[in-house]
Amino acid sequence: MDIGSAPINRCSKEHLKVYQDWFVCADSDGDGRLTGADATKFFGMSNLSRQDLKQVWGIADSKRQGFLSFKEFVTAMQLISLAQAGHALSSDLVNSDNVEDVNPPAMEGLDILLHKNKRHSRSSDVDWNGGSSQIEISASGRHSKKIPLKTVTSIVDGLKKLYIQKLKPLESMHRFNEFVSPTLTNSDFDAKPMVMLLGQYSTGKTTFIKHLLRSGYPGAHIGPEPTTDRFVAVMNGTDERSVPGNTVAVQADMPFNGLTSFGSAFLSKFQCSQMAHPLLEHITFIDTPGVLSGEKQRTQRSYDFTGVTSWFAAKCDLILLLFDPHKLDISDEFKRVISSLRGHDDKIRVVLNKADQVDTQQLMRVYGALMWSLGKVLNTPEVMRVYIGSFNDKPINATDDGPLGAVLFEKEQDDLLNDLKDIPKKACDRRINEFVKRARAAKIHAYIMSQLKKEMPSWIGKAKAQQRLIDNLDQLFEKIQREHHLPPGDFPNVDSFRQALNGYNIDRFERVKSRMIQAVDDMLAYDIPNLLKTFRNPYE
């Protein structure tokens, strides 16, 4: 499956040298990234219509980063050349054979610009990953001064700086990292989109990944018995190798530092499998152990399985729940796992795998039984999207289902693959969405901690007062909702928060500072919209 494959690999060396000179010329600040302002000036020399150039930018900036690196600039140039030749612009054009021998586009006045540029003798070594733009981020306070951030290079880089300057101080003061989610690091922002696969044993999770990669990843085992006994992060790497969990968790360039909170018992059951693959350049897969039936299986685990899946669910962009026509029952542990995914309903997709093992009549009954089982676990009014197919390397068995079944499976498979293809394109939007959710959660958490501190007595009776507050936590939540006009759906689970509070001395909590809350409000109301505006499609 090709996701956002760049035509630069099919560009001749002569054309590549031409595009390097053009890119250096177009990149006014020499940071290795072509921003919208630079692009409008340079692309305008092609004499294409504004609507065509809007499409060119939209296709080249497929990840919605708000800038073009050198690879994406080459894509844009080839699209402009094809548009000048009369081709209709579309994302499919990038992966077609038309880009193989396409000549550089005609750019009016470019020769004069190149001649002027040579006087400044800039190096034509290009940073393929890119550099900076300029935006301003508001400072909290009465006068709301502007703090220029000249090193903001992209939406993600802007979110990093907003987090450090405005959100992280609030989280640190009120122990958000201890109660809700670990402190974010650069690797959390820079991580590739993740897809997690969940399901009972032998539902085809590892086979699904093998089907997409068209080869097995290092350490993969496939069989009818429970074979995958650990969490496996399948990532891109220069060579094939398996890295132990304890090593992965301490590497600063990987987004798994937060897993250290689950202890060595879990980390011994976690590994990272690396291999060179074009799909893994865009997506990381999380393979999981099969969820087993019975209370005994849950108690035998040496780590918090539900907690780990919940942690990964918060990080992932897509969660695939795999079912087998012969394993439709949802065990107690699987029910807990699915319940832990609440709050991430928009990420969940259900896959009825190995559907070619039953005939058409049985498939109808299986589908109905699956929807009935899911309805008891997923408390949502909307109907969950279920993909039906057989995701393995074998040809579809059309003996029982006939040609109609084969066509259905192919269409369903195409729909699921299109869903996966859209993940890199939506990764930036997803990261903004998760950042805003975190900011709101941190704000509410600060109000809760402050209210608990406020209602503690100054001298005597502290132990009884703390127990009373913990017992009446639901009433405290309602009080905070009314006082600050907050939606009840944004508050944490009462029982989970009550359990977490038992290990703390409420008297040591901090009271909320209005300037910190104002900083987060300014960030949500002004800074993030300005950031999106700065790095949007310049032709919109």
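## A buried glutamate

E171 is buried, with a relative accessible area of 2%. That is under the 20% cut-off for a buried residue. The model is predicted, and this value is computed from it.

E171 belongs to helix α6, which covers residues 155-173. Its side chain makes a polar contact with the side chain of R438, at 2.8 Å. R438 is also among the residues that E171 touches, leaving aside those up to four places away in sequence.

## The chain as a whole

The protein chain has 540 residues, and 51% of them are buried. Its accessible surface comes to about 26,100 Å². Carbon and sulfur atoms account for 48% of that surface.

The chain contains 20 helices and 12 strands. Take the contacts between residues at least 6 apart in sequence: 78% of these join residues at least 24 apart.

## The eight-strand sheet

Which strands make up the open sheet of eight, and in what order? The order is β7-β8-β6-β9-β5-β10-β11-β12, and the pairing is mixed. The edges are β7 (241-244) and β12 (386-388). Each has a single partner strand, so one side of each is left without a neighbour in the sheet. On average, neighbouring strands are turned by 25° against each other, direction ignored.

Strands of a sheet pair through backbone hydrogen bonds, either parallel or antiparallel. Strand β11 (residues 348-352) and β12 run parallel, joined by three bridges. V351 stands opposite Y387 in β12.

## A helix across the sheet

Which strands does helix α9 lie across? Helix α9 (residues 205-213) lies across β5 (194-199), β6 (231-236), β8 (270-275), β9 and β10 (318-323). Helix α9 runs at about 160° to β9.

The protein chain averages a pLDDT of 82. At least 70 is scored by 85% of the residues. Confidence is highest in strand β9 (residues 284-287), at 94. The lowest is in strand β4 (residues 146-149), at a mean of 48.

Two stretches call for care. Over residues 2-9 the pLDDT stays under 50, and the model has 19 contacts for them beyond four places in sequence. Over residues 121-135 the pLDDT is below 50, and this stretch has 56 contacts in the model beyond near neighbours in sequence.

Key. Residues numbered from 1 in each chain as written. Predicted model: local features only at pLDDT ≥ 70, side-chain atom pairs only at ≥ 80, totals over all residues. Heavy atoms only, no water. Helix = DSSP H or I, 4+ residues; strand = E, 2+ residues; numbered from the N terminus. Buried < 20%, exposed > 50% of the residue type's maximum accessible area, 1.4 Å probe, protein only. Polar contact = N/O pair within 3.5 Å; in protein donor to acceptor, adjacent residues only side chain to side chain. Contact = heavy atoms within 4.5 Å. pLDDT = per-residue confidence, 0-100. Areas by Shrake-Rupley, 256 points an atom, 1.4 Å probe, with all protein chains shown as cover. Pairing = 2+ DSSP bridges. Axes fitted to C-alpha atoms, helices over the stretch in contact; angles between N-to-C directions.
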